[in-house]
Amino acid sequence: MQIFHNILDGLYLLLTLPGRLGALRRQAVRMVLLRQLLFTGWQSLPMVLMVGTAIGLILAVQLQGFLGGNSIGTLKALNTALFLELGPLLTGIVLVARSGSAVATELASMRVNGEIRTLESLGIPVQDYLVLPRVLAAVLSGPCLCLYLQVAALGAAALVVLANGGQALGSVLSEVLSVPDVLLSMLKAALFAGWVIAITCTMGLSAGFAQAAVPVAASRAVTVSMLGLFALDGLLLLFSRAGAALA
Amino acid sequence: MDSCCCSPARGLPLPELRLSAGLVQWQAQVARGRCYLFAAPSGIAATSLRQRLLDGQTTADSSLRWLPPLANGSALLAPGITLLSNLQVWENILLPQAYHGHGLPQEAERNLRRWLSLLRPGEEPSSWLHRPVARLGDTERRAALLMRALMGPGLIILLTADWLAPLSAEQQRVWVQLLVAESQTQHRSLLYLEDTLPVMAEAGAFTALQWTRTQAEGMGNVAAA
């Protein structure tokens, strides 16, 4: 039940953030946003590329065996899996593991050390200065990271296909890639990224005041945001299937 | 010591100040650029008062409740008020200014250098200002906190004696003089709890000031200098 409340708190935070965008007029908030973009968007890139490459290689090898060396079938299946499901989901998992845990730890430490109280005493709203830049950086970085992951996975898969004597790479990719799918996956990635970082921010800020509360908050934040991520993905899948059935 | 502090000596009056912490309540009109002493109301010990207002977990919420009326972020120089660990010293000092967007950068830099020469004599400014907070000693942290308080936009700085206690007598004298002088130059108010009085007197902060004291609507003792 507590986890459900935490997930809803994250959702509430995410939904109320657009009303706080005016805080970006402040130089101090923009500085935090730039740092978070660097941390979440740029420094996550090697990890995202490695995950994408590994997923592309693994899936391509398995699918090639399953489909009997059918290169177009392999890349089509991979395309469906990557752009409709795996890309945004894996990006969300990478963000939870890397940025989410860091955000929860940082905010919980700030609370334990009295830094949150200090900010409030300086007339600086925590939601504007700490939460908005972190969630916004995730929302902006998520689609880019997702695209990098998908490109890395497709590239790795294409290499497997070529190594097994498949068709010319360009013609295969132009056949399987679809712009609406790419855009949809980027939109999903933005939603997932904002969702998980909003949950981790909530968990970090609701930590206790003892030092022991920091690892507890970080651990709970990762668990809850991961559950929230899968729950949201499941709900989106359910709604899209229901929509398709009604249409 | 018996006249009311409600008529502002200079500048515009601030909105009516209401302090509330559990059972304790004050009500007073605060004027810019003046020093105020908040004494514990009868029946409530000063330590209890400080605990309620400033210390730790159990009083965090009640202390924050009276902060907003102190007009756009008052600066607290009290235990529990810290620097942000993920920023460098200069970023901490300039944070209130960068967030609230007041003052000119050139003026801020000039003030910073002047204050630094008083608070950290012999220190090379740029290397000190670019240190991470984790590498600062206790006195250095307090110096940064004091400069942040002076740099901030708040009209009120609140000072407690236990915040000053770890400093040497000479440092206390210099720091309090700087605090009082800058508060008056900037037309800000300086609030402090009653037990700060000996330190303030030692620093000669009140020699040119006339003391008044009032019972604000029967709820607490307020003194203004």
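Here are some friendly notes on this predicted two-chain model, as numbered points.

1. Overall confidence. Keep in mind that what you see is a predicted model. For the complex, the predictor reports an ipTM of 0.79 and a pTM of 0.79.

2. Chain A at a glance. Along the principal axes, its C-alpha atoms fill a box of roughly 65 × 40 × 35 Å. Of the 247 residues in chain A, 49% are buried. If you look at contacts in chain A with a separation of 6 or more, 88% of them join residues 24 or more positions apart.

3. The largest nonpolar core. This core holds 109 residues, and the members that touch the most others are V135(A), A157(A), L77(B) and L146(B). Helix 6 of chain A, residues 126-163, supplies the largest share of the core, with 21 residues.

4. A closer look at V135(A). Which residues does V135(A) touch, leaving aside those up to four places away in sequence? They are L14(A) and L17(A), together with G194(A), I197(A), A198(A) and C201(A).

5. A helix pair in chain B. Two packed helices are described by the angle between their axes and the distance between the axes. For helix 4 (residues 105-119) and helix 6 (residues 138-151) of chain B, the angle is about 145° and the axes are 11 Å apart. Their crossing is right-handed. On the helix 4 side, A108(B), L112(B), W115(B) and L119(B) take part, and they meet A143(B), L146(B), M147(B), L150(B) and M151(B) of helix 6. Sorted by class, this contact has 9 nonpolar residues, with no polar and no charged ones.

6. Where to be careful in chain B. The mean pLDDT of chain B is 64, with 49% of its residues at 70 or more. Among the elements of chain B, helix 6 has the highest mean pLDDT, 89, while strand 7 (residues 212-216) has the lowest, 32. Residues 1-29 of chain B have pLDDT below 50, yet the model gives this stretch 75 contacts beyond near neighbours in sequence. Residues 207-225 of chain B also stay under 50, with 49 contacts beyond four places in sequence. Where pLDDT is low, the predicted coordinates should not be read in detail.

Key. Residues are numbered from 1 along each chain as its sequence is written. Chains are lettered from A and ligands numbered from 1 in the order in which they are written. This is a predicted model: local features need pLDDT of at least 70, side-chain atom pairs count only at pLDDT 80 or more; totals for chains, interfaces and linings use all residues. A nonpolar core is a set of buried Ala, Val, Leu, Ile, Met, Phe, Trp, Tyr and Cys residues joined through C-beta atoms within 7 Å. A residue is buried if 20 or more other C-beta atoms lie within 10 Å of its own, exposed if 12 or fewer, and partly exposed in between; C-beta atoms are placed from the backbone. Helices (H or I, at least four residues) and strands (E, at least two) are DSSP runs, numbered from the N terminus. Two residues are in contact if their C-beta atoms, placed from the backbone, lie within 7 Å. Axes are lines fitted to C-alpha atoms, for helices over the stretch in contact, and angles run from 0 to 180 degrees between N-to-C directions. A crossing is left-handed if the near helix is turned anticlockwise from the far one by less than a right angle, and right-handed if clockwise. Ala, Val, Leu, Ile, Met, Phe, Trp, Tyr, Cys and Pro count as nonpolar, Asp, Glu, Lys and Arg as charged, and the others, Gly among them, as polar. pLDDT is the predictor's confidence in each residue, from 0 to 100.
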